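Welcome! Take a moment to look over the sequence and the model, and then we can walk through a few of the details together.

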Amino acid sequence: MAQITVVYKDFEEMKAVARELLKGEQAAPAQGQEQTAVPVQSTSACQPAPSPAAPVQQAVPTTAPSYTREDLSRAAITLMDKGLQAQLQQLVQSFGVNSLMELPPEQYGNFATALRGMGAEI
């Protein structure tokens, strides 16, 4: 099935197009042909409709992501490059350790989430 989206600059233009379309509706469809209704997307306040996009299907994770010490180190380095060394050290200490090397693996997920909260891409 094809979908057509029509956007009008204002209500008056929409009425004019509708009148033109209805002029052609006076004649009955030829035998063996059926009329098909075309859905028209309406927008409020005559704003342009967003471009239609293909539906995006995303896989829903069924397990928590796992991180390695190297993943955390790379993310931490990007924060250090942004001048956030002091905040990063406070974060490490908030996990009860003095360095990333001391962080227990079961805390990697929580630490990754905290790094993301500071702006790291992980």
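A salt bridge is a side-chain nitrogen of Lys or Arg within 4 Å of a carboxyl oxygen of Asp or Glu. Please keep in mind that what you see is a predicted model.

**Charged pairs**

Side chains of opposite charge can pair when their charged atoms come close.

| Pair | N to O distance | Helix |
|---|---|---|
| Lys15 and Glu12 | 3.3 Å | α1 |
| Glu20 and Lys23 | 3.1 Å | α1 |
| Asp71 and Arg74 | 2.7 Å | α2 |

Let us begin with helix α1, which covers residues 11–24. Here Lys15 and Glu12 sit three residues apart, about one turn of the helix, and their closest N and O atoms are 3.3 Å from each other. Are these two partners buried, partly exposed or exposed? Lys15 counts as partly exposed because its relative accessibility is 28%. Glu12 has a relative accessibility of 49%, so Glu12 also counts as partly exposed.

Helix α1 also holds Glu20 and Lys23, again with a spacing of three residues, or about one turn. Their side chains meet in a salt bridge at 3.1 Å, N to O. Lys23 counts as exposed, since its relative accessibility is 54%.

Moving on to helix α2 (residues 69–81), Asp71 and Arg74 are separated by about one helical turn because they are three residues apart there. The closest N and O atoms of this salt bridge lie 2.7 Å apart. With a relative accessible area of 23%, Asp71 is partly exposed, whereas Arg74 is exposed at 52%.

**A tyrosine in the loop**

Where is Tyr67 found? Look in the loop between α1 and α2. Why does Tyr67 count as buried? Its relative accessibility is 18%, and buried means under 20%.

Which residues is Tyr67 in contact with, once its neighbours within four places in sequence are left aside? They are Leu72, Tyr108, Gly109, Ala112, Arg116 and Ile122. Two of these partners deserve a second look. Tyr108 is 41 residues away from Tyr67 along the chain, yet the C-alpha atoms of the two are separated by 6.1 Å. With Arg116, the side chain of Tyr67 makes a polar contact of 2.7 Å.

Notes:
Residues are numbered from 1 along each chain as its sequence is written. This is a predicted model: local features need pLDDT of at least 70, side-chain atom pairs count only at pLDDT 80 or more; totals for chains, interfaces and linings use all residues. Side-chain values use heavy atoms; hydrogens and water are left out. Helices (H or I, at least four residues) and strands (E, at least two) are DSSP runs, numbered from the N terminus. Buried means under 20% relative accessible area, exposed over 50%, partly exposed in between (1.4 Å probe, protein chains only). Contact means heavy atoms within 4.5 Å. A polar contact is a pair of N or O atoms within 3.5 Å; within protein, one must be able to donate a hydrogen and the other to accept it, and residues adjacent in sequence count only if both atoms are side-chain atoms.
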